[in-house]
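Please examine the sequence and the structure shown below. The paragraphs that follow begin with a single residue and then turn to the helices and a loop.

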Amino acid sequence: MALRGGGTESGTGAGVTIDGIAALLPALRRHARAMLGDAAAADDLVQDVLERALATRAQWRGEGSLKGWLFRIMVNLHRDGLRRQAARVRLVQTDSLPERAVSGGQDGHLRLREVEAAMQRLPEDQRQALLLVAIEGLSLSEAAAVVEVPEGTLVSRLGRARAALREMTGETPEPRPGARRVMDGSGRQ
């Protein structure tokens, strides 16, 4: 059991402390909000993660980081929620929704909204890989462990996610230093 001040009772869950979990709350919230696109649902998911982590802290074997373990719990809870949600159909009356007003000079804000919307349209596995590596800063091996796939699969998902985002947002990749241009037989790239 975690004690105040960050200590633990000897024995089970020795690396899981309240202070350790509390230090990771901003990252958990950020990831949940990016994954779900809804602050209230994200807060609910984080709450569920905390409940599950505290209830099962004795099962944490200390392999890998506490952050990776908490993110794995989040991913699994999110997947469970998606399965439950797939069974329910949710219809929204669009004519009752208010129009969104956009003020002038908001190009950066609009661009960010465009990228956020594009990320929400990505397949779940690609969005998850992109969020864990690009937003949360997990290493490839940590992110692969969180989503329980081989590292090569994660790299592939990242590449597909980045390519899809570029296509959806109309961006072209910047050439890498030292990269050569390849011409076809007609002299075109």
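Leaving aside its neighbours within four places in sequence, with which residues is Q128 in contact? Contact here means heavy atoms within 4.5 Å. On that basis, Q128 is in contact with H31, M35, V75, H78 and V147. The model is predicted, so local features need pLDDT of at least 70 and side-chain atom pairs count only at pLDDT 80 or more, whereas totals for chains, interfaces and linings use all residues. Residues are numbered from 1 along each chain as its sequence is written, and side-chain values use heavy atoms, with hydrogens and water left out.

Q128 lies in helix α6 (residues 124–135); helices are DSSP runs of H or I with at least four residues, numbered from the N terminus. With a relative accessible area of 4%, Q128 is buried. Buried means under 20% relative accessible area, exposed over 50%, and partly exposed in between, with a 1.4 Å probe and protein chains only. The side chains of Q128 and H31 are joined by a polar contact of 2.8 Å, that is, a pair of N or O atoms within 3.5 Å, of which, within protein, one must be able to donate a hydrogen and the other to accept it; residues adjacent in sequence count only if both atoms are side-chain atoms.

H31 is one of the buried residues of α2, together with L25, A27, L28, A32 and M35. They cover an arc of only 165° around the axis, which puts them on the same side of α2; the arc is that of the directions from the helix axis to the C-beta atoms. After α2 comes G37, whose phi is positive, near 75°.

E148 also has a positive phi, of about 60°, although it is not a glycine. E148 is found in the loop between α7 (140–147) and α8 (151–169), and at 52% relative accessibility it counts as exposed.

Terms used: Helices (H or I, at least four residues) and strands (E, at least two) are DSSP runs, numbered from the N terminus.
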